Amino acid sequence: MTDDKTKRDFRDRDRVSADEDYEVRYFAKQHRITPDQVRELIGAHGNDRKTLEREARKLRG
């Protein structure tokens, strides 16, 4: 089920959904990693945005 983009609140800002391709692509572009790497991070560390950002920085070196 896709997000309803007419609802503009901040409930999901602290999470990254692996099921939503646009969220994965945006996170990947933002952190200069691949969408596959984002999905691997989500699988290994969960979908908490702060944790994923920390782990993405480790991937870049």
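The predicted model has a mean pLDDT of 88 over the protein, and 84% of the residues score at least 70. Among the elements, the highest mean pLDDT, 96, belongs to helix 2, and the lowest, 94, to helix 3.

The protein contains three helices and zero strands, and the order of elements from the N terminus is α-α-α. Of its 61 residues, 26% count as buried. Among contacts with a sequence separation of 6 or more, 38% are made by residues 24 or more positions apart.

The largest nonpolar core consists of 10 residues. Its members are Val 16, Val 24, Phe 27, Ala 28, Ile 33, Val 38, Leu 41, Ile 42, Leu 52 and Ala 56. Two or more residues of this core come from each of helix 1 (21-31), helix 2 (35-45) and helix 3 (49-60). Phe 27, one of the core residues, touches Val 16, Ile 33, Val 38, Arg 49, Leu 52, Glu 53 and Ala 56 when residues up to four places away in sequence are not counted. Of these partners, Val 16, Ile 33, Val 38, Leu 52 and Ala 56 also belong to the core.

The packing of the helices was examined pair by pair. Helix 1 and helix 2 pack with their axes 8 Å apart and at an angle of about 105°. Angles of 65 to 115 degrees count as roughly perpendicular, and helix 1 and helix 2 are therefore roughly perpendicular to each other. On the helix 1 side, the residues in contact are Asp 21, Val 24, Phe 27 and Ala 28; on the helix 2 side, they are Pro 35, Val 38 and Arg 39. Val 24, Phe 27, Ala 28 and Val 38 of this contact are also members of the nonpolar core.

Asp 21, which is found in helix 1, has a relative accessible area of 42% and is thus partly exposed.

For helix 2 and helix 3, the packing angle is about 125° and the axes are 10 Å apart. This pair is therefore oblique, and helix 2 passes helix 3 in a right-handed crossing. Helix 2 contributes Gln 37, Leu 41, Ile 42 and His 45 to the contact, where they meet Thr 51, Leu 52, Glu 55, Ala 56 and Leu 59 of helix 3.

Arg 32 is placed in the loop between helix 1 and helix 2. Most residues other than glycine have a negative phi. Arg 32 is not a glycine, yet its phi is positive, at about 55°. The relative accessibility of Arg 32 is 67%, and the residue therefore counts as exposed, the cut-off for this class being over 50%.

Asp 48 lies in the loop between helix 2 and helix 3. With a relative accessible area of 32%, Asp 48 is partly exposed. Asp 48 and Asp 14 are separated by 34 residues in sequence, while the distance between their C-alpha atoms is 6.0 Å.

Methods: Residues are numbered from 1 along each chain as its sequence is written. This is a predicted model: local features need pLDDT of at least 70, side-chain atom pairs count only at pLDDT 80 or more; totals for chains, interfaces and linings use all residues. Side-chain values use heavy atoms; hydrogens and water are left out. A nonpolar core is a set of buried Ala, Val, Leu, Ile, Met, Phe, Trp, Tyr and Cys residues joined through side-chain atoms within 4.5 Å. Buried means under 20% relative accessible area, exposed over 50%, partly exposed in between (1.4 Å probe, protein chains only). Helices (H or I, at least four residues) and strands (E, at least two) are DSSP runs, numbered from the N terminus. Contact means heavy atoms within 4.5 Å. pLDDT is the predictor's confidence in each residue, from 0 to 100. Axes are lines fitted to C-alpha atoms, for helices over the stretch in contact, and angles run from 0 to 180 degrees between N-to-C directions. Angles under 35 degrees count as roughly parallel, over 145 as roughly antiparallel, 65 to 115 as roughly perpendicular and the rest as oblique. A crossing is left-handed if the near helix is turned anticlockwise from the far one by less than a right angle, and right-handed if clockwise.
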